[in-house]
Amino acid sequence: MSDELRAPAETAVHQCLALRDDETCAVVTDDDRQPIGEAIHAVASEVTDDAVICRYQPGTQHGEEPPGPVAAAMADADVVLAPTTKSITHTRARSEACAAGARVATLPGITEEVFITGLDADYEAIEGHCMEMLEKVADADEIRVTSPQGTDITFEPGARDWRDDTGIVHEPGDMSNLPAGEVFVSPETADGTVVVDGTMMPYGKLDGRTLEYDVEDGLVTRIADDGLREEIEAAAAEVGDAAYNLAELGIGTNVAVTELVGSVLLDEKAAGTVHIAIGDDHAIGGDVDAPIHLDGILTAPTVYADGVEIELPTAT
């Protein structure tokens with residue numbers, strides 16, 4: 001294990017997951033993220049004798065279920081840390097592990113650069129920023145987001161609760177992405193236009209270009225970009241309209257992220273940004289099960305809660 005990977009692994013195991021010596025820990029990784037998985041496993045093994053590492057071939061798309069034996073190990077563990085190439089956040093395996101009482105941190109698409117940068121943060125302070133943002137949005141009937149690039153979309157959370165992703169995963173059944181720092185909701189419906197200017201798959205960091213799409217009654221109806229359209233159409237061939245679901249509105253609260261790097265995992269957490277996702281939402285409070293979850297980051301949003309502009313966190 002390199003010295004550079006040890007420090008963020010210690011943050012994940014000790015501060016974020018608070019692994020104890022009487023607990024079991026499953027580290028889930030794949031061939032392309034093996035060094036990060038091994039670093040986490042090495043630190044976890046210093047805490048408990050019951051730490052295992054499960055490695056498999058990288059998945060082909062985000063949201064794809066891990067192999068059965070891996071899912072079984074997740075459900076049987078007290079703590080799960082999952083640095084993987086493709087996200088397993090929005091999978092039945094992750095949901096069932098949490099339902100069984102596991103504390104889970106997924107690190108989808110993590111790179112060594114993002115692992116080192118994104119885990120160099122005070123997650124107790126990030127938790128405080130999440131609580132402050134929840135107070136501003138949790139009771140709003142309507143959230144409107146605009147941007148200089150042309151975004152103007154209104155979300156209605158309805159009966160669905162706002163959630164937080166603080167990076168502090170200390171209670172049975174808790175889960176978080178790492179790096180963490182956001183509050184989010186799966187809205188019951190949304191209408192308007194989204195213009196993504198920050199980071200979005202299948203491109204990564206957009207570097208001056210934009211991706212535009214329209215939303216009506218909670219479904220994406222027009223996609224101006226060929227690459228994004230092809231991603232969604234491929235999923236729609238499998239699950240129909242579920243692939244066009246407007247899945248998530250999120251607000252970044254990680255004040256340690258000072259610039260976008262092209263990784264959705266890190267960039268969506270950047271303080272002062274908003275991200276809007278298409279596809280699966282069953283794992284975040286919605287009812288749509290789809291094989292994609294595509295987040296797009298807006299770098300200069302204005303957010304209104306019931307018509308009142310709210311102040312967003314800013315990077316330090």
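Modeller: What follows covers the core, the pockets and some backbone features.

Modeller: This is a predicted model, in which local features need pLDDT of at least 70, side-chain atom pairs count only at pLDDT 80 or more, and totals for chains, interfaces and linings use all residues. Residues are numbered from 1 along each chain as its sequence is written, and side-chain values use heavy atoms, with hydrogens and water left out.

Biologist: Which residues touch the most other members of the largest nonpolar core?

Modeller: They are Ile 143, Tyr 213 and Ile 276, in a core of 78 residues. A nonpolar core is a set of buried Ala, Val, Leu, Ile, Met, Phe, Trp, Tyr and Cys residues joined through side-chain atoms within 4.5 Å. Buried means under 20% relative accessible area, exposed over 50%, and partly exposed in between, with a 1.4 Å probe and protein chains only. Another core, of 16 residues, lies apart from the largest one and includes Ala 26 and Val 104.

Biologist: And what does Ile 143 touch?

Modeller: Leaving out residues up to four places away in sequence, its partners include Phe 155, Trp 162, Leu 249 and Tyr 304. Contact means heavy atoms within 4.5 Å.

Biologist: On to pockets. Which residues lie nearest the centre of the largest pocket?

Modeller: Thr 89, His 90, Pro 108, Asn 177 and Glu 268 do, out of 33 lining residues. On a 1 Å grid over the protein atoms alone, a pocket is an open set of points where a 1.4 Å probe fits, with protein on both sides within 12 Å along at least five of seven lines; lining residues have an atom within 4 Å of a point.

Biologist: What kinds of residue make up that lining?

Modeller: The lining of the largest pocket has 10 nonpolar, 12 polar and 11 charged residues. Here Ala, Val, Leu, Ile, Met, Phe, Trp, Tyr, Cys and Pro count as nonpolar, Asp, Glu, Lys and Arg as charged, and the others, Gly among them, as polar.

Biologist: New topic: where are the cis peptide bonds?

Modeller: One joins Leu 178 and Pro 179, with omega about -5°. Another joins Met 201 and Pro 202, with omega about 15°.

Biologist: Which residues have a positive phi although they are not glycine?

Modeller: Ala 18 has a positive phi of about 50°, and Asp 306 also has one of about 50°.

Biologist: Is Asp 306 buried, exposed or partly exposed?

Modeller: Asp 306 is partly exposed, with a relative accessible area of 44%. Ala 18 is partly exposed too, at 26%.
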